[in-house]
Amino acid sequence: MSIFSALNTATSALYAQSKAFTSISSNISNSSSTGYKATDTSFTALLTDSQSSSADYGGVIASTTQSVSSQGDITSTDVTTNLALDGNGMFVVNDGTSSQSYYTRDGSFSEDNSGNLVNTEGYYLEGWATDDSGNILATNRSDTASLEKINLDNISGSPKATTKVTSSLNLPSDATVGSSYTTDTEVYDSLGNSSTVTMTWTKTGTNTWELDASNPVSATDGSTVTGTSSGTPVSLVFNSDGSLASPTTDITLSISGWSSGATDSSITLDYGENSGSGSITQYASGSTTPSITTTGTPKQDGYAKGTLTSVDINTDGSVVANFDNGQSKTVYKIPVATFANADGLTAVSGQTYAQSTASGAYSLKEAGSDGAGTIESKSLESSNVDTSDELSRMIYAQQAYSAAAKVVSTAQDMMDTLLQAKR
């Protein structure tokens, strides 16, 4: 190897160690970046002549790799939409300008002014839309085309018409024949409007009563009739021990002609018939002024349209919307994308990557299934950089760089000596 070859070899070493130092600098500067994956530098010897009896090495090439598949520590936050992946996989994101999907472990998502979940790099979280029962709507879940930006704006809870009213009460056996008592029950139509139905209980004889339901009136003003009730009056007969003897089947209250234009209602009145969850008895009140006694407020299964109050995100990726009407429903499912070789992904920007030939094709999976990691809400994944290791690498790179620089200086001195001998 000539002096010129030695000079070239030392120069390649300077470049390689400079590249390693750049990698170290990047790792240290991003040691606090959410989801950042450390880069490592590997060195490969250049072989200039392999035909001679001994190999002639002529320099070095440095290449960097990123440990995308390495798990960082998970830390807690106070933001529900901050997400961390515990295990294998990546979040699927979009830059908002094209249909191209990208992949990241940076789960620093928060709601923007349009209701989209976007991370600090400006990428939008994507997920599967679901129906009211929480089932994924997409039929082809293997393609990112089945995903859409998760948007929490204008999400509302659909109303539900009342189909069942459950009550627990006691009719006073010591009431005089002809005595009447009333209880009020709230019901909802299919459009979510609330009305009040008054139940009138009249004693018609020994151990016999009559139940009659009024037409519903608006729960807002308490006077406007909102529909027409049918299915009552109904005769109630009690046993000598105060238990209900008949009817032995459920009582059905029908309401038609809702003024709101809602669908006609059929409401089951559960008072304990056929071992129902409600109960109606006839025991003595023990009072000079007998009255109906109730246990709690009558329960009914209808509700009005709800306004979104909060969001929960479960470990399986379910985005659950909570409403002020007390109801909750899953509105999206966040998938996890896995790769045969996640370390082969191509870096796009910061902690965001694109699929490459080296990474292999993505597979979309539900979180926590088929080898995919689970999703932790109110959490972020820290950088996987080990600063103490980086400082050790920096010292080594500095020493190697100084040594290579000494080779360059020495080669220069030798060349100067050669030139002086020629003179």
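Predicted model: local features only at pLDDT ≥ 70, side-chain atom pairs only at ≥ 80, totals over all residues.
Which residues does K299 touch, not counting residues up to four places away in sequence? K299 touches K164, V165 and T166. The protein chain has 423 residues, with a secondary structure of 2 helices and 34 strands.

**Overall form**

- The radius of gyration of the protein chain is 37 Å, whereas a compact globule of 423 residues would have one near 22 Å.
- Taken along the principal axes, the box filled by the C-alpha atoms is roughly 140 × 40 × 40 Å.
- Buried residues make up 42% of the 423 in the protein chain.
- Of the contacts between residues at least 6 apart in sequence, 62% join residues at least 24 apart.

- Five strands form an open sheet in the order 18-21-22-12-25, and the pairing is mixed.
- Strand 18 (228–230) and strand 25 (299–300) are the edge strands; each has a single partner strand, so one side of each is left without a neighbour in the sheet.
- Strands of a sheet pair through backbone hydrogen bonds, in either a parallel or an antiparallel sense.
- Strand 12 (residues 164–166) and strand 22 (residues 265–270) run parallel and are joined by 3 bridges.
- Within this pair, K164 of the sheet stands opposite T268 in strand 22.
- K299 belongs to strand 25, and its relative accessible area of 62% makes it exposed, because the cut-off for that class is over 50%.
- K299 and T166 are 133 residues apart along the chain, yet their C-alpha atoms are separated by 5.1 Å.
- T166 is also one of the residues that K299 touches.

- Strand 28 (residues 328–333) has 5 of its 6 residues buried, so the rest of the structure largely encloses it.
- Strands 27 and 28 form a hairpin with 4 residues between them, and G326 in the turn has a positive phi of about 85 degrees.
- Strand 9 (residues 124–129) is also antiparallel to strand 28, with 2 bridges between them.
- A129 stands opposite Y332 in strand 28.
- T330 is found in strand 28 and counts as buried because its relative accessibility of 17% is under 20%.
- Beyond its sequence neighbours up to four places away, T330 touches T130, D131, G134, S318, V319 and V320.

**S218 in strand 17**

- S218 lies in strand 17 (residues 217–218).
- At a relative accessibility of 13%, S218 counts as buried.
- Leaving out residues up to four places away in sequence, the contacts of S218 are S194, S195, S223, T224 and T226.

**Cavity**

- Rolling a probe the size of a water molecule over the atoms shows where empty space is left.
- The structure holds 1 cavity of 30 Å³ or more.
- The largest cavity has about 50 Å³ of space.
- Its lining consists of S167, S168, L169, T183, T185, M199, W201, Y271, T294 and P298.
- Strand 13 (168–172), strand 14 (180–188) and strand 15 (194–205) are the elements that give two or more residues to this lining.
- The lining of the largest cavity has 5 nonpolar and 5 polar residues, and no charged ones.

**Largest pocket**

- The volume of the largest pocket is about 160 Å³.
- The pocket is lined by 14 residues, of which A38, T39, D40, S67 and E390 are the closest to its centre.
- Strand 1 (39–49), strand 2 (56–66) and helix 2 (387–422) each supply at least two residues of the lining.
- Helix 2 gives the most to the lining of the largest pocket, with 3 residues.
- By class, the lining of the largest pocket divides into 2 nonpolar, 6 polar and 6 charged residues.

Terms used. Residues numbered from 1 in each chain as written. Heavy atoms only, no water. Pairing = 2+ DSSP bridges. 1 Å grid on protein atoms, 1.4 Å probe; cavity = no way out; pocket = protein on both sides within 12 Å on 5 of 7 lines; lining within 4 Å. Points joined across faces, edges and corners; volume = space filled by probe spheres on them. Nonpolar A, V, L, I, M, F, W, Y, C, P; charged D, E, K, R; others polar. Rg over C-alpha atoms; globule rule 2.2 N^0.38 Å. Buried < 20%, exposed > 50% of the residue type's maximum accessible area, 1.4 Å probe, protein only. Contact = heavy atoms within 4.5 Å.
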